[in-house]
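Take a look at the model below. The walk-through starts with a helix and moves on to aromatic rings.

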Amino acid sequence: MVDKSGHRLKDFVQENMKMMKDMTDTRPPTITRFGDVAPPVVSLFAPRYQSSAEPAPTESSNAELTSLSLAAVPLPRAPMPELSDELSSMRRAKIENVMKEVFTDPDRLEELQNQLTEFVLTAPAREAVKTTQSRQRVMSYYFAMMERMAPRIRSYERFYIAVALKYIPLLLPFMVEAVRPRPGHTVLKSRTVVGWLGIVVHLLLQYTQDPTNNRRCGLEALSQHSLYDTLQKVVFRLVREKGLDRYYDHRIYYGQMEVRLMIEAALAHATPTNCMVKVNSLLKILLPFYLTSRPSTLGLACKEYTSLHAYLALGHLKIYHLADGAFQIDVLLLTFKQYFKEHGSSQDWTLYQTQRTHNVPFDVVDYLVSYLFMAGAFEKKFETLDELLNDKDAELHIDPSRRDEPLFPAMTAGGRAFEEPLRPATAHSLSATCHTLAVDAGLVAVGIQSLRRGSADYYAMVKGKQYAKTALNHVKEDTFDGHYDKGTRNMNPVADRLGEDVPEGSRHPKALDSNPRRSVAVRAWADLLLVDPSINSSSSEEQINEAKVTLFLTLASNMMYLVYRKRSRRLRRLMSKLSSMRIQTIKN
């Protein structure tokens, strides 16, 4: 396998140089002649085309070249193993017993053979849809460039080794000129160009051929003709001379304060008609907040995976009734980045109810039970909520007819109702809901990834990096350090270097944000203090002081739960002082 990001490609090329002498494509290619019509660009897995005018391979061109006919395929050296008569007859009897209805009917046997043939020929690629789309995009740029720069070269000749050695190095500079940066950016990311390099290498290995003997020679072009070194130099020069951005964007981490603002914003606009939709929207942010789940784990990564049920369904939930009003929910996550492979991984989470009163707004179990009750998803139907809370069953089963129903259905435009008929929401729409809630709360517009990133960093500080990596379901060890860890933003170098005794909690790992001034929620509250409509220039000084103190009290009450365990005397004195200021202002 070749790493798509372009890393370790040079090692891959060097390790496989010794295999060049023995490499021959023994599979018979499909010889098809379409005249000068180019094969469709949208398919990267079509057979290679060969002109009838091309010379046939000769023994003088390559003495070790194996003939491309099926008759010349070498037989295995060891003889085929023979089963004993007893075992062979037993196996044959079982097969005959299972397939007797098909074997005895020639028409059904022929139909089965046609179905199996069609199944094999139409088998999809193993790559993810996004990976295939990226390769198609790079291929389309290459074809567009060749149509302008070398129109006389026919489409099936564009990956001949001589053509590839001349024009492939021009592809990356061409794409840098043709591709527009993302909104808000003036230049491309250097990582984008490195990703293109990995895709180009894959296309070369897959499609480059020598027309004299009709065999693949991509590895030969990359290693013996130094094409890979040339492409690396091109990338380095593009990064340096085009001024490509070599750094990650500033990462935003959403923690408990931001989630509370989003919850309040969602519930503030809840009505009896859209209450179910609002609760569903809250679940979209609370599950990533606790489980650090990806949007593509909760919803569809792309619509092509609808038939694979690659989303979180109601059947993946188990609701246990521990006591009156006490619940526990098991959540089974099955869809991760390797869902398109033969094997997969899973996460079996257990969600409990909150134990402290000030954390009730974050109780995801109550939201889940309430949503399932409003949706009528339980096998036992409850007329009222009291019947549900007082039910004596140890487990509340999901209706079997609705087990494949998505937990997050697609919504109509504006997010006011669910679409009919129900269909699973996409990962993009889940992040769009988080984006909308953040804007309504006065926060920076972000997607679910900021919730995932903030929770992962918090878990790493409190429980250690291994706990965070397990929650994130990372395969590579260095992914957390490069994409989720705040790094130096979690450090207090002044106190650490000078050996100052820091009060417990101010820089304690359990603090939700080690630097409150960088907190998105605190900045949003500060903006509220400055732009609140109740404060205007025409108000008297006493009215302005009253409004400011009221708003600041609101801010302090919102932050009280952050220091619940600290029992800070300083905070109590501050609250007492603010209260006395407010009383004095009212008296005046």
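This is a predicted model: local features need pLDDT of at least 70, side-chain atom pairs count only at pLDDT 80 or more; totals for chains, interfaces and linings use all residues.

Residues are numbered from 1 along each chain as its sequence is written, and side-chain values use heavy atoms, with hydrogens and water left out.

Start with helix H7, residues 190–207. Helices are DSSP runs of H or I, at least four residues, numbered from the N terminus. H7 has 18 residues and spans 26 Å from first C-alpha to last, close to the 26 Å expected. The expected span is 1.5 Å times one less than the number of residues. Of the 18 residues in H7, 14 are buried (under 20% relative accessible area, with exposed over 50% and partly exposed in between; 1.4 Å probe, protein chains only).

Now the rings. The whole structure holds 8 aromatic pairs (ring centres of Phe, Tyr or Trp, its six-membered ring, within 6.5 Å; planes under 30 degrees apart are stacked, over 60 edge-to-face, the rest tilted). Tyr 142 and Phe 143 have centres 6.3 Å apart and planes at 65 degrees, so they pair edge-to-face. Tyr 142 is buried at 1% relative accessibility, and Phe 143 is buried at 8%. Phe 289 and Tyr 290 are also edge-to-face, because their planes meet at 70 degrees, with centres 5.0 Å apart. Phe 289 is buried at 12%; Tyr 290, at 22%, is partly exposed.

Arg 453 lies over the face of Tyr 253, at 5.8 Å from the ring centre.

Conventions
Helices (H or I, at least four residues) and strands (E, at least two) are DSSP runs, numbered from the N terminus. A charge sits over a ring if NZ of Lys or CZ of Arg is within 6 Å of the ring centre and within 35 degrees of the ring normal.
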